[in-house]
Amino acid sequence: MTSTAVTDRTIGLTTEEVADRVARGLANDAPDARSRSLGDIFRANTFTWFNGLIGTLWLIMLLVAPIQDSLFGFVIVANTGIGIIQEWRASRTLAKLAVIGEAKPIVRRDGQDVAVSPSEVVLDDLIVLATGDQLVVDGVIVGSDGLEIDESLLTGEADPVDKADGEPAMSGSFVVAGAGLYQATRVGKDSFAAGLTEQAKKFHLTNSELRDAINGFIRAISFLLVPVGLLLLWSQLVRADLPLDEAVRGTIAGVVTMVPEGLVLLTSIAMAVSVIRLAQKRVLVQDMPAVEVLARVDTICVDKTGTLTEPGMRVRDVVPLVDMVGLDDVLGALGASESNPNPTLQAIAEAYATPGWQVSDTVPFSSARKWSAASFDGQGAWLLGAPEILAAAQPAVLERAEGLAGDGARVLLLARADGRPSADDGPGDITPSALIVINQQLRPDAAETVAYFLEQDVRVKVISGDNAATVGAIARQAGVPGAESPVDARELPTDIDALADIVTASSVFGRVTPTQKQEMVDALHRRGSTVAMTGDGVNDVLALKNADLGIAMGSGSGATRAVAQLVLLDNKWSVMPSVVAEGRRVLGNIERVSDVFLTKSCYAVIISLVTGLFAVAFPFLPRHLSLIGALTIGIPGFFLALMPNTERFRPGFFRRVLLFAVPAGVIAATSALTSYGVALRLGEPVLSAQSAATTTLFIVAMAVLLQAARPLNLLRLAIVAAMVVAFLGVLFIPWLSNFFALSLGPEKYTAVAIAAGFAGAGLVWVATLVTDRWRRA
């Protein structure tokens, strides 16, 4: 819905007008790309290709075989239910945190400025804009005080746009300088950003190397299912001349075992549980792939202010450069000149009382300019900003400022303008008047956090808009390597390859513009780095957007929080080690689980092909494979997926899993088929031969599980032992033995089964010793 109505700028909408618009459906009810309803979650977990296939086979099995042979169907139902419950829990947890972490626009209603949720903005609302705010609806500017808006997230245009009265403003853009007021003209699905959300920002659980690899394997298995299934059915029905029900039962057993149905489920559960655990640490995950990227990060770029240092600043000293009276008045006037001061100007405002001078014009601070200015009636124009920018041609001033910045303080230059500064024409000629020294305190846990990342082979790079000496001093206190040689970003090359060389070699950078931050992230990507970027200011938005993982502070600007994948709601960078550890736990464990699941698919394909080609009765009843799948994969896999794991995730997930699964699958299939064939040659009935093959396969599969679970500890060994005890219970407890049609007696096939099983287990151990070298390469 759109509007062109004009609202009184001083009053805004009344309570009655807001209620009327809500009743007419004119609120900002826009789609949320990151959320799913319970119905969406249910459909996504239930109506999958594999669920449809296995569900159809389950119905057929219920018609032609005993209920024991249909256990795989109940397992799928249980798995789907668990997946839905865990994802719903994660969704609800995120929804609660999102309410805390969301940026609340300021709207003017009944003459009062109040903060509301973005969804509570209505058509014709007057919205107050300040530096760092992200626009939540489309509108038209009705008041501008040096307002500059960055639309690069929507249009790709890098330069901020000056906004004057009557000009349009698009949702999704953000304020980089100044302040203003705009009126909502398009809300909800009619707004520009909402259109992008519906068209291009569909919800996805993960879009990553991990999920791509798993989906690639599933696609390969999908292509094999139909031809292998048809071959198996034809051989059982025609060549082996088995009754229809037995042929169908053997075919379904082979096809179902080929499907790694629990792998996607366990991946989803591990991701969902990770989100819940991170939420307990007050970390809001706004995009599921962030969990994987956490484990792959090898470079973390941090902004100095608010990340390494405590929030808040205070004036420590003022060093006059010329004899002048009224210095305190000038500083007080500058502190009061902006309605929405940045932290530096706020510190000055708190230290010096306003003299009540009348402001005639202002140039708000921007990270790109690195200075601000204010003109006062009868008092001239004054500037406040980076000494290197304002006094670039005055070495004496720069040398004095450099010395003051050596201990990590922020140093600003106060200067009198000879003319009238403007954003377009620059500061003009100036007269330096004083240096303002502002204290910044290192966070008590910053050094410990930096040390953790260095121990984990994660490079730490400090990228700040502050003076290079200041940044270097703070970084040195935090223990960042290379802090003694900070780089002034004004001297960085524009060539991306040359920039990549410097950014890779150095660790601390000062006087970095927002565009340069973005280019530095891109340069690190060019060198193959996986980059996390932390920040809290509007100057960090572009870099956060380009990083593999954007991390915003909860107290940061609305625009920063909007583009970040993770939001640290308690503003504690010290939580990052546990956040990274959570990502590594998830991915390391999913790789372990993938090893056993894909081994199962591999041996199922081989057994089905051999059975089809040699036209013998299928070596297993469906219930046998359901039992093995539960005891060697499903149950232990669930625990493995949620256990601690600190190993850093490395590229090449798919290759490593195949190097493990293919040899292990070949050995498992060969051992089981050998046991089955020898038992038949000894004259044992098919059911006894099937018991032999099942026992052999269980032993080899347990060996595979032990290798996948490394490094072993008491808990993992206890899980494996419990599965062995459960299998022995099935073999020797009469009612379980009858239920699963599985038993071992004093006959020769028992010795064959055990011998083949342990021989296969030994081969798995040997094969793992060999493939481990290739997997680590």
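Which helix supplies the largest share of the lining of the second largest cavity? I looked this up first, and the answer is α22, with 4 residues.

**Ground rules.** I am working on a predicted model, in which local features need pLDDT of at least 70, side-chain atom pairs count only at pLDDT 80 or more, and totals for chains, interfaces and linings use all residues. Residues are numbered from 1 along each chain as its sequence is written, and side-chain values use heavy atoms, with hydrogens and water left out. I take helices (H or I, at least four residues) and strands (E, at least two) as DSSP runs, numbered from the N terminus.

**Cavities.** I used a 1 Å grid over the protein atoms alone: a cavity is a set of points where a 1.4 Å probe fits but cannot get out, and lining residues have an atom within 4 Å of a point. Grid points are joined across faces, edges and corners, and a volume is the space filled by probe spheres set on the points. I found 4 cavities of 30 Å³ or more.

I listed its lining as Val 596, Thr 599, Lys 600, Tyr 603, Thr 632, Ile 633, Ala 701, Val 704 and Leu 705. At least two of the lining residues come from each of α22, α23 (622-640) and α25 (686-708). For residue classes I count Ala, Val, Leu, Ile, Met, Phe, Trp, Tyr, Cys and Pro as nonpolar, Asp, Glu, Lys and Arg as charged, and the others, Gly among them, as polar. This lining splits into 6 nonpolar, 2 polar and 1 charged.

The largest cavity has a volume of about 60 Å³. Its lining includes Thr 131, Asp 145, Glu 338 and Pro 364, and the classes are 2 nonpolar, 5 polar and 2 charged.

**Second largest pocket.** A pocket is an open set with protein on both sides within 12 Å along at least five of seven lines. I noted about 1,100 Å³ of space in the second largest pocket. Of its 44 lining residues, Asn 342, Pro 343, Arg 410, Gly 537 and Asn 539 lie nearest its centre. Helix α13 gives the largest share of this lining, 3 residues. I counted 14 nonpolar, 21 polar and 9 charged residues in the lining.

**α22 again.** I then checked how α22 (residues 576-614) sits against α16 (residues 446-455): the axes come within 9 Å and cross at roughly 30°. Axes are lines fitted to C-alpha atoms, for helices over the stretch in contact, with angles from 0 to 180 degrees between N-to-C directions. Angles under 35 degrees count as roughly parallel, over 145 as roughly antiparallel, 65 to 115 as roughly perpendicular and the rest as oblique. The pair α16 and α22 is therefore roughly parallel. The contact (heavy atoms within 4.5 Å) involves Thr 449, Tyr 452 and Phe 453 of α16 with Met 576, Pro 577, Val 580 and Ala 581 of α22. I class these residues as 6 nonpolar, 1 polar and no charged.

**Salt bridges.** With a side-chain nitrogen of Lys or Arg within 4 Å of a carboxyl oxygen of Asp or Glu as the rule, I get 26 salt bridges. I picked out Glu 148 with Arg 369, at 2.7 Å, N to O. Glu 148 is in strand β4 (residues 138-150) and Arg 369 in the loop between β11 (359-363) and β12 (371-376), 221 residues apart.

**Backbone.** Most residues other than glycine have a negative phi, and most peptide bonds are trans. I noted Ala 615, with phi near 55°, in the loop between α22 and α23. I also noted a cis peptide bond between Arg 710 and Pro 711, with omega about -5°. Pro 711 is in the loop between α25 and α26 (714-732).
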